Amino acid sequence: MLAKFYPVILLVISNVFMMFAWYGHLKFTNKPLYIVIFVSWLIAFVEYCFAVPANRLGHQYYSAAELKTMQEVITLCVFVGFSVLYLGESLTINHIIGFILIFAGAFFIFKGPF
């Protein structure tokens with residue numbers, strides 16, 4: 001039963017890499033765009049090395065819709081930490097309300113048919 005958690009762990013790792021690929025360059029606005037794109041692609045390659053196996057393993061236990069929902073919720077959680085800790089941005093009540101609504105949507109995906 002522990003194997004059901006491997007995709008979650010892999011998705012968390014993949015999301016950490018993806019945050020740096022997508023947003024890490026925001027701290028380096030003095031670097032030329034072509035360098036930023038190249039480095040981002042290298043980081044994204046590492047991200048794919050975790051995301052693809054996560055989805056391949058995860059599909060044994062979860063539907064594609066559940067995997068995508070899990071990915072989005074993990075992305076939000078990682079993004080909050082990344083934006084606050086790495087980028088130094090504030091988390092506002094509007095962000096929190098929006099995230100709660102997204103988590104509510106995820107609940108209904110995993111709850112199954114009514």
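This is a predicted model: local features need pLDDT of at least 70, side-chain atom pairs count only at pLDDT 80 or more; totals for chains, interfaces and linings use all residues.

Trainee: How many helices and strands does the chain have?

Mentor: Read from the N terminus, the elements go α-α-α-α. Strands come to 0, and the helix count is 4.

Trainee: How far apart are the end C-alpha atoms of residues 93-110?

Mentor: Start with residues 5-26, where the span is 82% helix and 0% strand, with end C-alpha atoms 32 Å apart. Residues 93-110, by contrast, are 100% helix and 0% strand. Their end C-alpha atoms are separated by 26 Å.

Trainee: And what does the C-alpha trace span overall along its principal axes?

Mentor: The chain has 114 residues, and 28% of them count as buried. Along the principal axes, its C-alpha trace spans about 50 × 35 × 20 Å.

Trainee: Let's go to charges. Which residue forms a salt bridge with glutamate 72?

Mentor: Side chains of opposite charge can pair when their charged atoms come close. The structure holds 1 salt bridge, and its closest N and O atoms are 2.6 Å apart. Glutamate 72's partner there is lysine 68.

Trainee: Why are those two separated by about one helical turn?

Mentor: Accessibility first: glutamate 72 is partly exposed at 35%, and lysine 68 is partly exposed at 49%. As for the spacing, glutamate 72 and lysine 68 are about one helical turn apart because both sit in helix α3 with a separation of 4 residues.

Trainee: Is alanine 106 buried or exposed?

Mentor: Alanine 106 is in helix α4, and its C-alpha lies 9.7 Å from that of lysine 68, though they are 38 residues apart along the chain. The cut-off for buried is under 20% relative accessible area. Alanine 106 has 9%, so it counts as buried.

Trainee: Which element gives the most residues to the nonpolar patch?

Mentor: That surface patch covers about 770 Å² and includes Val84, Leu85, Ile93 and Ile100. Two elements give two or more residues to the patch: α3 (64-86) and α4 (93-111). With 5 residues, the top contributor is α4.

Trainee: What is the relative accessible area of isoleucine 96?

Mentor: Isoleucine 96 is another member of that patch, and its place is in helix α4. Patch residues need over 30% relative accessible area. Isoleucine 96 is partly exposed, at 34%.

Trainee: Now the rings. What kind of aromatic pair do phenylalanine 107 and phenylalanine 108 form?

Mentor: A search of the whole structure turns up 7 aromatic pairs. In the one formed by phenylalanine 107 and phenylalanine 108, the centres are 5.2 Å apart and the planes are at 80°. An angle over 60 degrees is what counts here, so the pair is edge-to-face.

Trainee: Are those two phenylalanines buried or partly exposed?

Mentor: Phenylalanine 107 has 47% relative accessibility, and phenylalanine 108 has 47% as well.

Methods. Residues are numbered from 1 along each chain as its sequence is written. Side-chain values use heavy atoms; hydrogens and water are left out. Rings of Phe, Tyr and Trp (its six-membered ring) pair if their centres lie within 6.5 Å; planes under 30 degrees apart count as stacked, over 60 as edge-to-face and the rest as tilted. Buried means under 20% relative accessible area, exposed over 50%, partly exposed in between (1.4 Å probe, protein chains only). Patches are made of residues with over 30% relative accessible area and no salt bridge: like charges are joined within 9 Å, nonpolar side chains (Val, Leu, Ile, Met, Phe, Trp, Tyr) within 5 Å. Accessible areas come from the Shrake-Rupley method with a 1.4 Å probe; for residues, only the protein chains shown count as cover. A salt bridge is a side-chain nitrogen of Lys or Arg within 4 Å of a carboxyl oxygen of Asp or Glu.
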